[in-house]
Amino acid sequence: MHEIAAGLAETRKGHPRGLYLLFFTEMWERMSYYGMRGLLVLFLTSKVNGGFGWSTSEALSLYGTYTGLVYLTPIVGGFIADRFIGQRKAVVLGGTLMMIGHLLLALPTVAMFYAGLGFLIIGNGFFKPNISTMVGGLYEPGDGRRDSAFTIFYMGINLGAVLGNFICGTLGERVGWHWGFGAAGVGMFLGLVAFLSLQKKLLGKVGLTPVKPEASAEKAESSGEKKGFTREEMDRVIVIFIIALFVVAFWTGFEQAGGLMNLYTDQKVDRGMFGWEVPTTWFQNFNSAFIVLLAPAFAALWSWLAARGKDPSIPVKMGLGLLFLSIGFLFMLGASDESAAAGKAAAWWVIMAYLFHTMGELCLSPVGLSMVTKVAPARIVSAMMGVWFLANAAANKLSGVIGGYSEKLGEFDVFLYITIGTGIAGVILLGVAPILKRMMHGTDEVKPAAPAHQTQGGTAAAA
């Protein structure tokens, strides 16, 4: 324990300051996204206070389409940033469009609601892949701090989710839906102000200019290399696509949090605590709160293991993530049994599900973001980050479709199928992990840590 604690202290002190600017910017953007996401299906199914009064399947279908498109547009946004405008300009453009989108949702008309969703989808396409790529750009290839950096960055995502569900969720459920949507726009505005104010000071040249493919080609010609992708590069790209298939299975289950699990908690969970009924959106904060509590420990653990040459491979970590997710849904099966027998399920079932889902998320999501920045060829890294989010797009749409079957099959059967599917996927990924690791050709490996004075100098250069 002492060694892990020491690793945690090193993790906090040994990162460039630019990481914390990206952390803060992402925190406010995720506050706006998760605040809005927590309200979306509740607003769509509500028959009071201006809600649309849709059925569960209709609401979850739109939820899946929206969240799927949110993760589809990063392919285009990553490509445009790589080739034309650079990552920083893409982040500013995306954040501005999302701020406008949230404010449009606050206007009480159906036309403005759909227009707002459109702005959010396009804006996220520019913002999401490029801010993640800039985190990787702060570190040299082989830097063992990269996985822990993405885990710290992930804390910002989930701290923002906590703020979003508390602020936007409470305003939306208790004051008015459109107050919650408007508060999400304010959160995005704060993130933009922070980024624009401090980017030059803290980020140096990271993300400032697009990658120029012609420069890469000239470099390849001068060194005698062939144009295009080498065999090793193709192997690495193939690995990203293969692992992305398993990521689809993970997020299809995980994203039930904002859809079916959200509606289930609202309708069939006893939310009374200390004589007060807890707002439904607050339950999604358990995942975010667990992330904030556990992410430092996971970051320290990865750093501690990497320093000793015992860090599990990326596919192994992600396979474990799928198994943790599967275990979490076992608790939802228990909740479904109890609510079927007694009318309401105890809240602890859902809380325990979120705990295991969180552990799975920490094994898979930040590690996956880090993997793309390590393994993808440098000239297409933002585009490959977009491809990575394509898996999220497919998963989010599948999540809404699968969740919608609860009207026909019941929650128990849906949760059962997810439990079995994610468990099998986790076992398969662990089985093929050695093959995938070989295909990465060492790009996932870390270099021995440099002395403190060299680390600081390298950080300054990278930042």
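Biologist: Where is His441 found?

Modeller: His441 sits in the loop between α17 and α18 (452-462). Helices (H or I, at least four residues) and strands (E, at least two) are DSSP runs, numbered from the N terminus. This is a predicted model, in which local features need pLDDT of at least 70 and side-chain atom pairs count only at pLDDT 80 or more, while totals for chains, interfaces and linings use all residues. Residues are numbered from 1 along each chain as its sequence is written, and side-chain values use heavy atoms, with hydrogens and water left out.

Biologist: What is the phi of His441?

Modeller: The phi of His441 is near 55°, a positive value in a residue other than glycine. His441 is partly exposed, because its relative accessible area is 34%; partly exposed lies between buried (under 20% relative accessible area) and exposed (over 50%), with a 1.4 Å probe and protein chains only.

Biologist: And Phe274, is it buried or exposed?

Modeller: Phe274 counts as exposed, since its relative accessibility is 88%. Phe274 lies in the loop between β1 (272-273) and β2 (276-277). Although not a glycine, Phe274 has a positive phi of about 55°.

Biologist: What span should helix α13 have?

Modeller: The 29 residues of helix α13 (residues 314-342) should span 42 Å at 1.5 Å a residue, and the end C-alpha atoms are 43 Å apart, so the two values agree. The expected span is 1.5 Å times one less than the number of residues. After α13 comes Gly343, with a positive phi near 95°.

Biologist: At what angle do α13 and α14 cross?

Modeller: They cross at roughly 160°, and their axes come within 8 Å. Axes are lines fitted to C-alpha atoms, for helices over the stretch in contact, and angles run from 0 to 180 degrees between N-to-C directions. α13 and α14 are therefore roughly antiparallel; angles under 35 degrees count as roughly parallel, over 145 as roughly antiparallel, 65 to 115 as roughly perpendicular and the rest as oblique. The crossing is left-handed, meaning that the near helix is turned anticlockwise from the far one by less than a right angle, whereas clockwise is right-handed.

Biologist: How do α6 and α14 pack?

Modeller: Helix α6 (residues 146-175) and helix α14 (residues 347-375) pack at about 125°, with axes 9 Å apart. That angle makes α6 oblique to α14. The α6 and α14 crossing is right-handed. Among the residues in contact are Phe150 and Tyr154 of α6, and Leu362, Leu369 and Thr373 of α14.

Biologist: Which residues does Thr133 touch?

Modeller: Beyond four places in sequence, Thr133 touches Gln87, Thr373, Val381, Ser382 and Met385. Thr133 is in helix α5 (residues 110-137) and is buried, because its relative accessible area is 5%.

Biologist: How many helices and strands are in the protein chain?

Modeller: The protein chain has 18 helices and two strands. Of its 463 residues, 57% are buried.

Conventions:
Contact = heavy atoms within 4.5 Å.
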